[in-house]
Amino acid sequence: MVRRVICAGWLIALAAQAQPFQLPTANHALFDKGGEERFFVGTVGKPWMTGTFGCVRSGGWQMHEGLDIRCLQRDSHGEPTDPVLATADGTVVYVSNRPSLSNYGNYLVVRHLVEGLEIFSLYAHLREIRHDLKIGQAVKAGEPVAVMGRTANTHEGISKDRAHVHFELNLLVNDRFASWHKKTAPDQRNDHGEWNGQNLLGIDPRLILLEQHEQGAKFSLLSFLQNQTDLCRVVVRKTDFPWLKRYAALVRPNPRAQKEGIAGYELALNFNGVAFELIPRAASEIKSKAKFPLLSVNEAEYQKNPGRRLVTKKGNHWELGSHGIELLDLLTY
């Protein structure tokens, strides 16, 4: 009996290690067949799909970078009381207790290191953040960090019936965001420094959680990132920028560039702008003199997910849109 208990405990520990991310609330209907309406909160008058990740709003032209997860518990006034839980072991990097300063309302950001990759979870519209949480403080997976709410600075607000936690998993674009923002938009406020939402690129938590649930110990976050669908491929002429170091595991070797010298990188971007493959390129491989040469566009992916407007088609010609140029400028700043 003792041996069986030990084996069972070892298997549970192994499963937990293989699945780095947990659901951020007690609502687990995501894993139930047909449970989506009990898990996601859609926008006003719209179906549950509008509470998922992706180009799911405004006819596909509005990007939603997280999951809006429905509450399970309410107080006597109908307000949500669900504990919000850390999705993985990590360190608190940002706490915002001034809801008027962001569409996120009260929000919290936690840094995680998974397979050598820095991933940042974000929890928004919080009623309150745990009072003792400080920047730099370690938290464990499943540890309560906040209480679900409906704070935001939007004009329409969030009604009681739509109370939810907005949950994101992100990659950080650039440590120098505040400097870049001041240079490129000197008249615009940046109340959140490096933790401005513009500096966080979301990946789909729903797909990650479902693949973990299905694959168990076989799940790999690195593999998940490396197997994104490309929206486009571009070249940047910079050879030293933060993304290269933070996400070095996404760099693919190129013997020619290693031999001749690296003059830039070819980037594969998914529809949300995540550079999931970086290939060093020699000067002899970079033909165009454009600042950010556009190599290819996956038109089928664009038709499916146009919301970020990273590329645009003029006649039969594709080019980077202003949002795509801005993203690459920030990425390589």
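A: Asn305 touches Cys55 and Phe271, leaving out residues up to four places away in sequence; contact here means heavy atoms within 4.5 Å. The model is predicted, so local features need pLDDT of at least 70 and side-chain atom pairs count only at pLDDT 80 or more, while totals for chains, interfaces and linings use all residues. Residues are numbered from 1 along each chain as its sequence is written, and side-chain values use heavy atoms, with hydrogens and water left out.

Asn305 lies in the loop between helix 8 (299-304) and strand 17 (311-314). Helices (H or I, at least four residues) and strands (E, at least two) are DSSP runs, numbered from the N terminus. With a relative accessibility of 11%, Asn305 counts as buried. The cut-offs are under 20% relative accessible area for buried, over 50% for exposed, and partly exposed in between, with a 1.4 Å probe and protein chains only.

Arg309 is found in that loop as well, between helix 8 and strand 17. Its relative accessible area is 38%, so Arg309 is partly exposed. Its phi is positive, about 55 degrees, although Arg309 is not a glycine. Most residues other than glycine have a negative phi. Ser58 also has a positive phi, near 55 degrees, and is not a glycine either. Ser58 sits in the loop between strand 1 (54-57) and strand 2 (62-64). At 53% relative accessibility, Ser58 counts as exposed.

Glu115 is in the loop between strand 6 (107-114) and strand 7. It is partly exposed, at 41% relative accessibility. Apart from neighbours within four places in sequence, Glu115 is in contact with Phe219, Ser220, Leu221 and Leu222. Glu115 and Leu221 are 106 residues apart along the chain, yet their C-alpha atoms are separated by 7.2 Å.

Arg127 is in the loop between strand 7 (117-124) and strand 8 (128-129). Its relative accessible area of 38% makes Arg127 partly exposed. Not counting residues up to four places away in sequence, Arg127 touches Asp75, Glu79, Pro80, Thr81, Asn106, Val147, Met148 and Gly149. Arg127 and Pro293 are 166 residues apart in sequence and 45 Å apart in space, C-alpha to C-alpha.

Next come the helices. In helix 3 (residues 177-184), the buried residues are Phe177, Trp180 and His181. These cover an arc of only 100 degrees around the axis, which puts them on the same side of helix 3; the arc is that of the directions from the helix axis to the C-beta atoms. An α-helix has 3.6 residues a turn, so residues three or four places apart point the same way. Lys182 and Lys183, on the other side of helix 3, are exposed. Helix 9 is included in what covers the buried residues of helix 3.

Helix 9 (residues 322-331) has Gly324, Leu327, Leu328, Leu330 and Leu331 buried. Viewed down the axis, the buried residues of helix 9 fall within an arc of 160 degrees, so they line one face of the helix. In helix 4 (residues 205-215), Pro205, Ile208, Leu209 and Gln212 are buried. Down the axis of helix 4, these buried residues fall within an arc of 95 degrees, so they line one face. They pack against strand 3 (67-70), strand 11 (164-172), strand 12 (200-203) and helix 5 (221-226).

These parts belong to a protein chain with nine helices and 18 strands. The radius of gyration of the chain is 21 Å, close to the 20 Å that the globule rule gives for 333 residues, so the chain is as compact as a globular protein of that length. The radius is taken over C-alpha atoms, and the rule is 2.2 Å times the number of residues to the power 0.38. Along the principal axes, the C-alpha atoms fill a box of roughly 65 × 60 × 40 Å. Of the 333 residues, 49% count as buried. Among contacts between residues at least 6 apart in sequence, 66% join residues at least 24 apart.
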